Amino acid sequence: MVFGRKKRAEEPPVEPVDWRQVHKFVVGTVERPLTVKRKTAVSGPRAIRVPQGSEELRAFAPCAYVGTGPTLSLYEDPEGQRLLCSVDAPQEIGGERHHTVRDTDGNTIGTIRRIPPRRPFKHTWRIDQPGRPEIVGRNELVSGDSKAEVLGRTALKMAMVLADSAMSMGAEGGDTPTRPRTLEWRSAEETVMVSLGSTEMTLRASWLDRRLAFAFALVEDR
């Protein structure tokens, strides 16, 4: 009898999930990341991916695949044969940058609008979904409900900006990596979704068309 370590069973393929049921997603190529229990990472095509499983056996299931052409687009299959949605080239309208999102038939799903910055804050975002109130994307630190809360978060934001500037000046070369910011997306009093940069989204409103959240990830917060 030969004694030794048991060989770990090979993990099954990561199956795609229905994009309509997504509540949290990331954008990337990693299907199975390195973990304590997994010594080899597995990658796949760039896609909108839904985290699944425990932290030790985490997987990222695709629900829409990012197109490789010049147009921002998503497909339901990795071969790029079944279009899910596409994003028009940006248009400057009234000082705003508009990105129209369209379905497979060319009909408008909604519009993502980039609002110019107002000092000391960065630019903000709006999403227009037909039949729904405007969705406002604001920095999490200034999205409080009361004036006192807004002022308090503004002071905290300024303190963080000053701290980051000081660290940058003291670092070799003068530069530090830019941290992705957190945006809280609200419609009236409802929090519709929360985004971390353009790569991680948590969707809270069931009525939000997921394709608009996917499109914002393609447009990128910049």
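Is Cys63 buried or exposed at 5% relative accessibility? Select Cys63 to begin: at 5% relative accessibility this residue counts as buried, where buried means under 20% relative accessible area, exposed means over 50%, and partly exposed lies in between, computed with a 1.4 Å probe on protein chains only. Cys85 can be selected next, and this residue is buried too, with a relative accessible area of 1%. A search of the whole structure finds 0 disulfides, a disulfide being a pair of cysteine sulfur atoms within 2.5 Å.

**Before going further**

This is a predicted model, in which local features need pLDDT of at least 70 and side-chain atom pairs count only at pLDDT 80 or more, while totals for chains, interfaces and linings use all residues. Residues are numbered from 1 along each chain as its sequence is written, and side-chain values use heavy atoms, with hydrogens and water left out.

Colour the model by pLDDT, the predictor's confidence in each residue on a scale from 0 to 100. The protein averages a pLDDT of 83, and 78% of the residues score at least 70. Now select residues 143–177, where the pLDDT is below 50; in the model this stretch has 29 contacts beyond near neighbours in sequence, a contact meaning heavy atoms within 4.5 Å. Where pLDDT is low, the predicted coordinates should not be read in detail.

**The whole chain**

Show the cartoon, in which the secondary structure comes to 2 helices and 13 strands; helices (H or I, at least four residues) and strands (E, at least two) are DSSP runs numbered from the N terminus. Of the 222 residues of the protein, 41% count as buried. Among contacts between residues at least 6 apart in sequence, 38% join residues at least 24 apart.

**Strand β1 and its partners**

Select strand β1 together with strand β13 (residues 200–203), and you will find the two paired in the antiparallel sense over 3 bridges, with strands said to pair if DSSP finds at least two bridges between them. Lys24 has Thr202 in β13 as its bridge partner.

Setting aside residues up to four places away in sequence, Val27 touches Arg46, Ala47, Ile48, Ser198, Thr199 and Ala217. A C-alpha to C-alpha distance drawn from Val27 to Glu200 comes to 6.8 Å, although these residues are 173 apart in sequence.

Just after α2, Glu220 takes a positive phi of about 80 degrees.

Display the aromatic side chains, for which a search of the whole structure finds 3 aromatic pairs. Rings of Phe, Tyr and Trp (its six-membered ring) pair if their centres lie within 6.5 Å, and planes under 30 degrees apart count as stacked, over 60 as edge-to-face and the rest as tilted. Phe25 and Phe214 form an edge-to-face pair, at 5.1 Å centre to centre and with 85 degrees between the planes. This pair links distant parts of the chain, since Phe25 is in strand β1 (residues 24–32) and Phe214 is in helix α2 (residues 210–219), 189 residues apart. Phe25 is buried at 0% relative accessibility, and Phe214 is likewise buried, with a relative accessible area of 0%.

Trp125 and Phe216 form another edge-to-face pair, at 5.1 Å centre to centre and with 80 degrees between the planes. Here Trp125 of strand β9 (residues 124–128) is linked to Phe216 of helix α2, 91 residues apart. Trp125 is buried, with a relative accessible area of 0%, and Phe216 is buried with a relative accessible area of 0%.

**The nonpolar core**

Which residues have the most contacts inside the largest nonpolar core? This core has 36 residues, and those with the most contacts inside it are Phe25, Leu74 and Phe214; a nonpolar core is a set of buried Ala, Val, Leu, Ile, Met, Phe, Trp, Tyr and Cys residues joined through side-chain atoms within 4.5 Å. Helix α2 gives the most to this core, with 8 residues. Finish at Phe214, which, leaving aside its neighbours within four places in sequence, is in contact with Trp19, Val22, Phe25, Ile48, Cys63, Leu74 and Leu84.
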